[in-house]
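Biologist: I have this model open and would like to go through it with you piece by piece. Could you take my questions as they come?

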Amino acid sequence: MINKKRILKFILLMVLLSLTSLFLTSCSSLFNSASKFRPYDLRGTWRNMDNYREGFTISSYGVLTFYNDDGSSSTHYIENWNNDKYDEKSYYELIIPNIPILGNITFYFTSDRECEISYGTVSGITYYFEKVN
């Protein structure tokens with residue numbers, strides 16, 4: 001009788017360990033939710049989520065054109081585009097240096113559809129952009 005109880009406890013313990021292991025394995029993907037994208041996937045038109053008149057485009061050649069609220073625009077070439085455009089990343093940070101009045105512009109892409117922009121001389125303010133196409 002004592003042996004049967006030990007065997008039953010052992011079997012229950014093994015079942016419990018197996019279920020725990022299965023649960024932890026299946027839930028591990030929940031904690032690794034950062035999707036990866038390539039800088040090349042960022043090509044297209046982006047717009048400011050608060051002010052649709054402001055936006056930028058990225059061409060397949062690595063040319064970023066920023067469109068201001070007043071209708072003016074400026075064009076910049078993305079450094080190392082040809083070397084980095086196919087590398088998968090969980091985020092992509094792009095800095096356009098030395099823009100008159102604004103200083104550096106930092107583009108922080110959190111996915112191939114979302115971008116946060118901050119300006120060098122304007123601290124603490126972040127603008128959110130979304131990809132239109």
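Biologist: Why is strand β6 largely enclosed by the rest of the structure?

Modeller: Strand β6 covers residues 103-109, and five of its seven residues are buried, so the rest of the structure largely encloses this strand. Buried here means under 20% relative accessible area, exposed means over 50%, and partly exposed is what lies in between, with a 1.4 Å probe and protein chains only. Helices (H or I, at least four residues) and strands (E, at least two) are DSSP runs, numbered from the N terminus.

Biologist: Before we go on, what kind of model is this?

Modeller: It is a predicted model, in which local features need pLDDT of at least 70 and side-chain atom pairs count only at pLDDT 80 or more, while totals for chains, interfaces and linings use all residues. Residues are numbered from 1 along each chain as its sequence is written, and side-chain values use heavy atoms, with hydrogens and water left out.

Biologist: OK, back to β6. Which strands does β6 pair with, and over how many bridges?

Modeller: β6 is joined to β5 by six bridges, the two running antiparallel, and it pairs with β7 (residues 114-119) over five bridges, again in the antiparallel sense. Two strands count as paired if DSSP finds at least two bridges between them. Tyr-108 has Glu-116 of β7 as its bridge partner, and the hairpin that joins β6 to β7 runs through four residues.

Biologist: And β7, which of its residues are covered and which uncovered?

Modeller: The covered face of β7 holds Cys-115, Ile-117 and Tyr-119, whereas Glu-114, Glu-116 and Ser-118 make up the uncovered one. Beyond that, β7 pairs with β8 (residues 127-131) in the antiparallel sense over four bridges, where Glu-114 has Glu-130 as its bridge partner.

Biologist: Zooming out, what is the strand order of the sheet?

Modeller: The open sheet has eight strands in the order β4-β3-β2-β1-β8-β7-β6-β5, with antiparallel pairing. Its edge strands, β4 (73-77) and β5 (92-99), each pair on one side only. The twist averages 20° from one strand to the next, with axes taken as lines fitted to C-alpha atoms, for helices over the stretch in contact, and angles running from 0 to 180 degrees between N-to-C directions. Along the sequence the pattern is α-β-β-β-β-α-β-β-β-β.

Biologist: Which residues touch the most other members in the largest nonpolar core?

Modeller: Those are Phe-56, Phe-107, Phe-109 and Ile-117, out of 21 residues in that core. β2, β3 (63-67), β5, β6 and β7 each supply at least two residues of this core, and β5 gives the most, with four. A nonpolar core is a set of buried Ala, Val, Leu, Ile, Met, Phe, Trp, Tyr and Cys residues joined through side-chain atoms within 4.5 Å. Over the chain as a whole, 28% of the 133 residues count as buried.

Biologist: Changing topic, how much volume does the largest pocket have, and which strand gives the most to its lining?

Modeller: The volume is about 160 Å³, and β5 gives the most to the lining, with six residues; β4 and β5 each supply at least two. A pocket is an open set of points on a 1 Å grid over the protein atoms alone, where a 1.4 Å probe fits, with protein on both sides within 12 Å along at least five of seven lines, and lining residues have an atom within 4 Å of a point. Grid points are joined across faces, edges and corners, and the volume is the space filled by probe spheres set on them.

Biologist: What is the make-up of that lining?

Modeller: It divides into seven nonpolar, two polar and three charged residues, where Ala, Val, Leu, Ile, Met, Phe, Trp, Tyr, Cys and Pro count as nonpolar, Asp, Glu, Lys and Arg as charged, and the others, Gly among them, as polar. Among the lining residues are His-76, Asn-80 and Tyr-92.

Biologist: Where does Asn-80 lie, and what is its phi?

Modeller: Asn-80 lies in the loop between β4 and α2 (81-84), and its phi is near 60°, a positive value in a residue other than glycine. Most residues other than glycine have a negative phi. At 47% relative accessibility, Asn-80 counts as partly exposed.
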